[in-house]
Amino acid sequence: MNYIIIYYLLLNIVSFLIMGIDKNRAKRGEWRIREATLWWLAVIGGAIGGYIGMRVYHHKTKHVSFKFGFPILTIFHLLLFMYLLKQLA
(Lines give C-alpha, C1' and ligand atoms only; values in the text may rest on other atoms or scores of the structure.)
Protein backbone atom coordinates (compact mmCIF):
# COMPACT_ATOMS: atom_id res chain seq x y z
CA MET A 1 0.00 0.00 0.00
CA ASN A 2 2.82 2.40 0.79
CA TYR A 3 4.18 1.96 -2.73
CA ILE A 4 0.93 3.13 -4.27
CA ILE A 5 0.85 6.23 -2.10
CA ILE A 6 4.50 7.01 -2.82
CA TYR A 7 3.96 6.41 -6.56
CA TYR A 8 1.00 8.79 -6.76
CA LEU A 9 2.62 11.38 -4.54
CA LEU A 10 5.91 11.50 -6.46
CA LEU A 11 4.27 11.40 -9.87
CA ASN A 12 1.91 14.25 -8.99
CA ILE A 13 4.74 16.36 -7.59
CA VAL A 14 6.68 15.79 -10.82
CA SER A 15 3.61 16.69 -12.92
CA PHE A 16 3.05 19.86 -10.92
CA LEU A 17 6.69 20.91 -11.27
CA ILE A 18 6.80 20.09 -15.00
CA MET A 19 3.82 22.40 -15.58
CA GLY A 20 5.69 25.20 -13.81
CA ILE A 21 8.89 24.53 -15.74
CA ASP A 22 7.03 24.54 -19.05
CA LYS A 23 5.25 27.78 -18.16
CA ASN A 24 8.57 29.45 -17.35
CA ARG A 25 10.06 28.22 -20.59
CA ALA A 26 7.05 29.55 -22.49
CA LYS A 27 7.49 32.99 -20.93
CA ARG A 28 11.17 33.07 -21.89
CA GLY A 29 10.57 31.73 -25.40
CA GLU A 30 12.73 28.68 -24.75
CA TRP A 31 12.46 25.04 -25.83
CA ARG A 32 9.23 23.58 -24.46
CA ILE A 33 8.16 20.31 -22.94
CA ARG A 34 6.10 18.34 -25.44
CA GLU A 35 2.35 18.24 -24.81
CA ALA A 36 2.52 14.47 -25.26
CA THR A 37 4.84 14.32 -22.24
CA LEU A 38 2.39 16.33 -20.13
CA TRP A 39 -0.43 14.01 -21.21
CA TRP A 40 1.53 10.81 -20.50
CA LEU A 41 2.40 12.03 -17.02
CA ALA A 42 -1.30 12.66 -16.43
CA VAL A 43 -2.40 9.32 -17.86
CA ILE A 44 0.02 7.27 -15.75
CA GLY A 45 -1.16 8.92 -12.54
CA GLY A 46 0.00 12.53 -12.42
CA ALA A 47 -3.28 14.15 -13.47
CA ILE A 48 -3.95 15.68 -10.06
CA GLY A 49 -0.59 17.44 -9.90
CA GLY A 50 -0.85 18.46 -13.53
CA TYR A 51 -4.30 19.94 -13.01
CA ILE A 52 -3.20 21.82 -9.90
CA GLY A 53 -0.17 23.05 -11.86
CA MET A 54 -2.45 24.26 -14.64
CA ARG A 55 -4.41 26.31 -12.14
CA VAL A 56 -1.47 27.63 -10.12
CA TYR A 57 0.68 28.57 -13.12
CA HIS A 58 -2.25 29.46 -15.44
CA HIS A 59 -0.70 27.16 -18.00
CA LYS A 60 -2.50 25.37 -20.86
CA THR A 61 -5.82 26.72 -19.59
CA LYS A 62 -6.89 27.90 -23.06
CA HIS A 63 -6.27 24.53 -24.69
CA VAL A 64 -9.64 22.78 -24.85
CA SER A 65 -8.08 19.32 -24.56
CA PHE A 66 -6.25 20.31 -21.37
CA LYS A 67 -9.13 22.39 -20.03
CA PHE A 68 -11.50 19.40 -20.09
CA GLY A 69 -9.19 16.41 -20.34
CA PHE A 70 -7.12 17.04 -17.23
CA PRO A 71 -10.13 17.45 -14.91
CA ILE A 72 -11.63 14.23 -16.27
CA LEU A 73 -8.35 12.37 -15.74
CA THR A 74 -8.08 13.92 -12.28
CA ILE A 75 -11.48 12.58 -11.26
CA PHE A 76 -10.63 9.17 -12.73
CA HIS A 77 -7.33 8.98 -10.85
CA LEU A 78 -8.89 10.14 -7.59
CA LEU A 79 -11.49 7.39 -7.86
CA LEU A 80 -8.86 4.81 -8.83
CA PHE A 81 -6.61 5.85 -5.94
CA MET A 82 -9.47 5.59 -3.43
CA TYR A 83 -10.45 2.18 -4.87
CA LEU A 84 -6.88 0.88 -4.60
CA LEU A 85 -6.55 2.12 -1.02
CA LYS A 86 -9.84 0.47 -0.10
CA GLN A 87 -8.77 -2.84 -1.67
CA LEU A 88 -5.42 -2.82 0.12
CA ALA A 89 -6.76 -1.77 3.52
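1. Basis. The model is predicted, so local features need pLDDT of at least 70 and side-chain atom pairs count only at pLDDT 80 or more, while totals for chains, interfaces and linings use all residues. Residues are numbered from 1 along each chain as its sequence is written, and side-chain values use heavy atoms, with hydrogens and water left out.

2. Nonpolar core. The largest nonpolar core consists of 9 residues: Met 19, Ile 33, Leu 38, Ala 42, Ala 47, Met 54, Phe 66, Phe 70 and Leu 73. Such a core is a set of buried Ala, Val, Leu, Ile, Met, Phe, Trp, Tyr and Cys residues joined through side-chain atoms within 4.5 Å. At least two residues of this core come from each of helix 2 (35–57) and helix 3 (64–88), and helix 2 gives the largest share, 4 residues. Helices (H or I, at least four residues) are DSSP runs numbered from the N terminus.

3. Contacts of Leu 73. Leaving aside residues up to four places away in sequence, Leu 73 touches Trp 39, Ala 42, Val 43 and Ala 47; contact means heavy atoms within 4.5 Å.

4. Cavity. The structure has 1 cavity of 30 Å³ or more, and the largest cavity holds about 40 Å³ of space. A cavity is a set of points, on a 1 Å grid over the protein atoms alone, where a 1.4 Å probe fits but cannot get out; lining residues have an atom within 4 Å of a point. Grid points are joined across faces, edges and corners, and the volume is the space filled by probe spheres set on the points. Among the lining residues are Ser 15, Met 19, Gly 46 and Phe 70. Helix 2 provides the largest share of the lining, 5 residues.

5. Aromatic residues. There are 6 aromatic pairs, counted where ring centres of Phe, Tyr and Trp (its six-membered ring) lie within 6.5 Å; planes under 30 degrees apart are stacked, over 60 edge-to-face and the rest tilted. Tyr 7 and Tyr 8 form an edge-to-face pair, 5.8 Å centre to centre with 90 degrees between the planes. Tyr 7, Tyr 8 and Phe 81 form one aromatic cluster.

6. Asp 22. Asp 22 lies in helix 1 and counts as buried because its relative accessibility is 0%; buried means under 20% relative accessible area, exposed over 50% and partly exposed in between (1.4 Å probe, protein chains only). Not counting residues up to four places away in sequence, Asp 22 touches Arg 32, Ile 33, Leu 38, His 59 and Lys 60.

Definitions and conventions: 1 Å grid on protein atoms, 1.4 Å probe; cavity = no way out; pocket = protein on both sides within 12 Å on 5 of 7 lines; lining within 4 Å.
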